[in-house]
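This report describes a predicted model. Please read it alongside the sequence and coordinates.

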Amino acid sequence: MPSTKMACDALVRLIGYDPGRTKEVARALTEAEMLPAGSPGVSPELTPQHVATLMLGAALAAPLRAIADTVREYRALRREGVPEGAPAGISGTAGEAMDIIAEIAATGSPDAKALAAKTIITVVSNWREIVLADTIDVRRFSAGTPGFWQAYGHRRAVEINLGAFVDVIAELFSGDTQ
């Protein structure tokens with residue numbers, strides 16, 4: 001199982017994150033118990049879902065003091081227009097969708113990994129929104145009223161090709177790159 005340091009190094013090398021920011025985000029998420037802390041002399045062991053959480057945290061333009069709360073808020077986002085209490089089949093959260101992609105990247109068939117690698121994730125920082133776009137559809141997870149973002153000015157976003165994320169997971173959990 002990979003350590004937090006290994007995950008940070010892979011995200012920096014393969015996705016292109018800032019090394020210092022990524023390590024500080026990992027520290028903040030560990031302190032908030034969103035990533036495992038390990039114990040004296042024993043490195044923490046991350047799952048693919050932990051790596052997805054770290055990837056999201058490093059993509060956000062939130063201050064470090066608020067990064068854990070912001071990651072929780074973004075992971076809890078629901079699909080645009082789906083109210084609280086909707087049937088389970090349509091009320092998945094952005095965090096659940098990211099966890100599924102991480103699991104596919106770690107244990108999926110080659111075809112499933114190839115489809116996950118074609119996904120683009122867009123993390124919008126100036127209002128809470130995550131967009132997952134693949135060859136089949138676009139899933140928009142956001143807070144607030146659908147379609148109102150245009151009234152708030154410029155949209156600041158980070159787009160991540162999940163092909164790089166699939167490579168991070170492959171490197172960390174199978175020892176080879178796809």
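## Sheet

Five strands form an open sheet in the order β1-β4-β3-β2-β5, and their pairing is antiparallel. The edges are taken by β1 (78-79) and β5 (157-161); each has a single partner strand, so one side of each is left without a neighbour in the sheet.

Strand β1 runs antiparallel to β4 (residues 138-142), and two bridges join them. Arg78 has Ser142 of β4 as its bridge partner. Helix α7 (residues 162-174) packs on the sheet, where it touches β2 (120-124) and β5. The direction of α7 makes about 60 degrees with that of β5.

## Helices α1 and α2

Helix α1 (residues 4-15) packs with helix α2 (residues 19-31) at an angle of about 145 degrees, and their axes are 10 Å apart. The crossing of α1 past α2 is right-handed.

On the α1 side, the contact is made by Thr4, Cys8, Asp9 and Val12; on the α2 side, by Pro19, Thr22, Lys23 and Ala26. By class, this contact of α1 with α2 has four nonpolar, two polar and two charged residues.

## Largest pocket

The volume of the largest pocket is about 380 Å³. It is lined by 19 residues, of which Ala97, Ile100, Ile101, Asp134 and Arg139 are the closest to its centre.

Two or more lining residues come from each of α5 (94-107), α6 (110-117) and β4. Helix α5 gives the most to the lining, with five residues. By class, the lining of the largest pocket divides into nine nonpolar, five polar and five charged residues.

Conventions. Residues are numbered from 1 along each chain as its sequence is written. This is a predicted model: local features need pLDDT of at least 70, side-chain atom pairs count only at pLDDT 80 or more; totals for chains, interfaces and linings use all residues. Side-chain values use heavy atoms; hydrogens and water are left out. Two strands pair if DSSP finds at least two bridges between them. Helices (H or I, at least four residues) and strands (E, at least two) are DSSP runs, numbered from the N terminus. Contact means heavy atoms within 4.5 Å. Axes are lines fitted to C-alpha atoms, for helices over the stretch in contact, and angles run from 0 to 180 degrees between N-to-C directions. A crossing is left-handed if the near helix is turned anticlockwise from the far one by less than a right angle, and right-handed if clockwise. Ala, Val, Leu, Ile, Met, Phe, Trp, Tyr, Cys and Pro count as nonpolar, Asp, Glu, Lys and Arg as charged, and the others, Gly among them, as polar. On a 1 Å grid over the protein atoms alone, a cavity is a set of points where a 1.4 Å probe fits but cannot get out, and a pocket is an open set with protein on both sides within 12 Å along at least five of seven lines; lining residues have an atom within 4 Å of a point. Grid points are joined across faces, edges and corners, and a volume is the space filled by probe spheres set on the points.
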